[in-house]
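Let's take a walk through this model together, starting with the fold and ending at a pocket.

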Amino acid sequence: MELIGFSAGTLVALSLLPQVIKSWRTHSTRDIALSWTLINLAGQILWVIYGMGIGSRALVVMSGATIVMTLILIGLKLRHG
């Protein structure tokens, strides 16, 4: 089950990668809603807490990776508006 968790988490984290790369290259984030990224961040933080509570390494690690991607996207949004 942990392998499935790591696989799912990898896909979720990677789903943000194309947007991060595009935003980094174009310096444009105007089509990204800051509210969406903040809600996503809050949800991922809660997933980490939940994962810690149930002892799921996959959930903690992969949600942590998604948090990093989301924080990069928020940073780009704040920098390039």
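**Fold and pocket**

Reading from the N terminus, the elements of the protein follow the order α-α-α. That makes three helices and zero strands, where helices (H or I, at least four residues) and strands (E, at least two) are DSSP runs, numbered from the N terminus. Keep in mind that this is a predicted model, in which local features need pLDDT of at least 70, side-chain atom pairs count only at pLDDT 80 or more, and totals for chains, interfaces and linings use all residues. Residues are numbered from 1 along each chain as its sequence is written, and side-chain values use heavy atoms, leaving out hydrogens and water.

The C-alpha trace spans about 40 × 20 × 15 Å along its principal axes. Of the contacts (heavy atoms within 4.5 Å) with a separation of 6 or more, 74% join residues 24 or more positions apart. Of the 81 residues, 31% are buried, meaning under 20% relative accessible area with a 1.4 Å probe, protein chains only.

Helices H1 (2–26), H2 (34–54) and H3 (57–80) each supply at least two residues of the lining, which takes residues with an atom within 4 Å of a point. H3 gives the most, with five residues. Among the lining residues are Gly5, Val12, Trp47 and Met62.

How values were computed: Buried < 20%, exposed > 50% of the residue type's maximum accessible area, 1.4 Å probe, protein only. 1 Å grid on protein atoms, 1.4 Å probe; cavity = no way out; pocket = protein on both sides within 12 Å on 5 of 7 lines; lining within 4 Å.
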